[in-house]
Amino acid sequence: MVFHGDGTITFPSDPSYWGAWSQPTADTLAFTYSDVSGVVATFSGGGTGGDCWEGITHFTSSSYVAPYEVCLQ
């Protein structure tokens with residue numbers, strides 16, 4: 001998953017997915033990713049330091065949720 005400066009997300013290993021991200025505040029991160037059927041997952045997390053955010057990802061086609069940690073590389 002690659003977060004681009006224009007607020008888009010690409011998946012180089014699987015171009016059938018794409019997404020969008022934002023930072024509603026300086027210490028939060030939110031993103032969604034989609035495929036041709038619509039939104040697949042949404043994430044909202046808080047900053048934990050070191051350019052990382054932790055939060056919950058909701059998978060929209062099911063009741064599945066998963067904790068995620070997202071860090072810049």
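**View 1. One aromatic cluster gathers Phe3, Phe11, Tyr17, Trp21, Phe31, Tyr33, Phe43, Phe59, Tyr64 and Tyr68.** The model shown here is predicted: local features need pLDDT of at least 70, side-chain atom pairs count only at pLDDT 80 or more, and totals for chains, interfaces and linings use all residues. Residues are numbered from 1 along each chain as its sequence is written, and side-chain values use heavy atoms, leaving out hydrogens and water. In the structure you will find 10 aromatic pairs. Rings of Phe, Tyr and Trp (its six-membered ring) pair if their centres lie within 6.5 Å; planes under 30 degrees apart are stacked, over 60 edge-to-face, and the rest tilted.

View 2. Strands here are DSSP runs (E, at least two residues), numbered from the N terminus. Is phenylalanine 31 buried or exposed? With 2% relative accessibility, phenylalanine 31 is buried, while phenylalanine 3, at 26% relative accessible area, is partly exposed. Buried means under 20% relative accessible area, exposed over 50%, and partly exposed in between (1.4 Å probe, protein chains only).

**View 3. Tyrosine 33 and its surroundings.** Like phenylalanine 31, tyrosine 33 is buried. Setting aside neighbours within four places in sequence, tyrosine 33 is in contact (heavy atoms within 4.5 Å) with Met1, Phe11, Tyr17, Trp18, Gly19, Val39, Val40, Ala41, Phe59 and Tyr68.

**View 4. The largest nonpolar core has 12 residues.** Look for Ile9, Phe11, Leu29, Phe31, Tyr33, Val40, Ala41, Phe43, Trp53, Phe59, Ala66 and Val70. Strand 4 (28-35), strand 5 (38-49), strand 6 (52-59) and strand 7 (65-71) each give two or more residues to this core. A nonpolar core is a set of buried Ala, Val, Leu, Ile, Met, Phe, Trp, Tyr and Cys residues joined through side-chain atoms within 4.5 Å.

View 5. Of the 73 residues, 29% are buried.

Notes
Helices (H or I, at least four residues) and strands (E, at least two) are DSSP runs, numbered from the N terminus.
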